[in-house]
Amino acid sequence: LRLGYNKGFDDACLATLCECLESNETLDELSLYGTAITSLCPLINMVTSANNSLTKVNVASTPAAEDSAAMLSLYWALTVNSQPLKLKFILSKIRDHSITSFALDEKGGARLYDDIAIRHLVCALNGCDITSEPIQLQPASANTTVTDIKLTNGNFTAAGISLLSAYLKTDTTLSALDISHNDLGAAVAVLCTALTPPYGNKSVTSLDISYTNTNSVLSGAEVSKMLEQSKSLVTLRLCGNDFEHSAKSLVKALYVRD
């Protein structure tokens, strides 16, 4: 929908448009280029609370675009709509502390969860500002209810896993994490480090990193170290990975742990 170069399109018009778009499920791009709008709040609120389709909004050359903080808020609000629909529902439940577990898995779907989903989840769980760059995690997590997270069959990269790992060090409520069936490779080493004492997470009792294409010596070493030193971990699933060069250290870790 293109409404650009319309100087008569002001904040009142934007408020009416946002009301109309709250339940729209097809429009994915909106251009308000060069209009007279002075505030992005109606757009941000509409995308955050209701609309599930908009992913691009052009507000260049408008008075509202001069508010850099609001521009960042709009950008990140729109990115939720680039993910499968379930993410927005999960985020709202995390923020009002009404959910104890969730699973994000869109195997075979048109869209897969990626690093954007991890960023939104981490900020909701930690209570930090998603617009900051880099993310400034709070020393203590805001999460007091979520104990079980499943992030499987996604399209995550090392950057997303690194952010998730940093968050795990702040969380004291999470007990189970399933990140299986993701092509993580060496990123698994970073995840395991975040679960290893003395500075790692101390609440996770179950970890599933099956089928994550983990085959590096470094990853094997970090898995072994985590297994040996973690006092909380009870269940560890490693199926579908190649630990040929780390088999001895894994067995030794089990022996030391026992």
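This is a predicted model: local features need pLDDT of at least 70, side-chain atom pairs count only at pLDDT 80 or more; totals for chains, interfaces and linings use all residues.

So, the lining of the largest pocket: its residues split into nine nonpolar, six polar and three charged. Residues are numbered from 1 along each chain as its sequence is written, and side-chain values use heavy atoms, with hydrogens and water left out.

Back to the pocket. It has 18 lining residues, and the ones nearest its centre are Thr48, Val80, Arg95, His120 and Ile130. Two or more lining residues come from each of helix H2 (41-49), helix H3 (68-80), helix H4 (86-95) and helix H5 (115-126). Helices here are DSSP runs of H or I with at least four residues, strands are runs of E with at least two, and both are numbered from the N terminus. The space in this largest pocket comes to about 310 Å³. A volume is the space filled by probe spheres set on grid points, which are joined across faces, edges and corners. The grid is 1 Å, over the protein atoms alone; a pocket is an open set of points with protein on both sides within 12 Å along at least five of seven lines, a cavity is a set where a 1.4 Å probe fits but cannot get out, and lining residues have an atom within 4 Å of a point.

Now, how many cavities of 30 Å³ or more does the structure hold? There are two. The largest has about 50 Å³ of space, and its lining is Phe102, Ile118, Leu121, Val122, Leu125, Ile149, Leu151 and Leu164. H5 and strand S4 (148-151) each give two or more of those residues, with H5 giving the largest share, four. By class, that lining is eight nonpolar, no polar and no charged.

The second largest cavity, at about 30 Å³, is lined by Leu195, Asn201, Val204, Met226, Ser230, Ser232 and Leu233. That lining has four nonpolar residues, three polar and no charged.

Let's stay with S4 for a minute. Ile149 and Leu151 make up its covered face, while Asp148 and Lys150 are on the uncovered one. In a regular strand, side chains alternate between the two faces of the sheet.

What does S4 pair with? Strand S3 (residues 101-104) runs parallel to S4, joined by four bridges, and strand S5 (residues 176-178) also runs parallel to S4, with three bridges. Two strands pair if DSSP finds at least two bridges between them. If you want landmarks, Ala103 sits opposite Lys150 in S4, and Asp148 sits opposite Ala176 in S5. From S4 the chain crosses through helix H6 (residues 158-168) to S5, a right-handed β-α-β crossover. S3, H5 and S4 also make a right-handed β-α-β unit. Right-handed means that, with the strands pointing away from the viewer, the path from the first strand over the helix to the second runs clockwise.

Next, Asn241, in the loop between strand S7 (235-237) and helix H9 (247-257). Buried or exposed? Asn241 is buried, at 16% relative accessible area; buried is under 20%, exposed is over 50%, and partly exposed is in between, with a 1.4 Å probe and protein chains only. Polar atoms of the Asn241 side chain lie 2.9 Å from the backbone oxygen of Ile209 and 3.0 Å from the backbone nitrogen of Thr214.

Most residues other than glycine have a negative phi, and most peptide bonds are trans. Here, though, Glu133 and Pro134 are joined by a cis peptide bond, with omega about 0°, and Pro134 is in the loop between H5 and S4. Pro197 and Pro198 are joined by a cis bond too, omega about 5°, with Pro198 in the loop between helix H7 (187-193) and strand S6 (206-208).

For positive phi, there's Tyr5, near 60°, in the segment before helix H1 (11-21). Tyr5 is exposed, at 69% relative accessibility. Asn153 has a positive phi of about 55° and sits in the loop between S4 and H6; Asn153 is buried, at 18%.

Note on methods
Ala, Val, Leu, Ile, Met, Phe, Trp, Tyr, Cys and Pro count as nonpolar, Asp, Glu, Lys and Arg as charged, and the others, Gly among them, as polar. A polar contact is a pair of N or O atoms within 3.5 Å; within protein, one must be able to donate a hydrogen and the other to accept it, and residues adjacent in sequence count only if both atoms are side-chain atoms.
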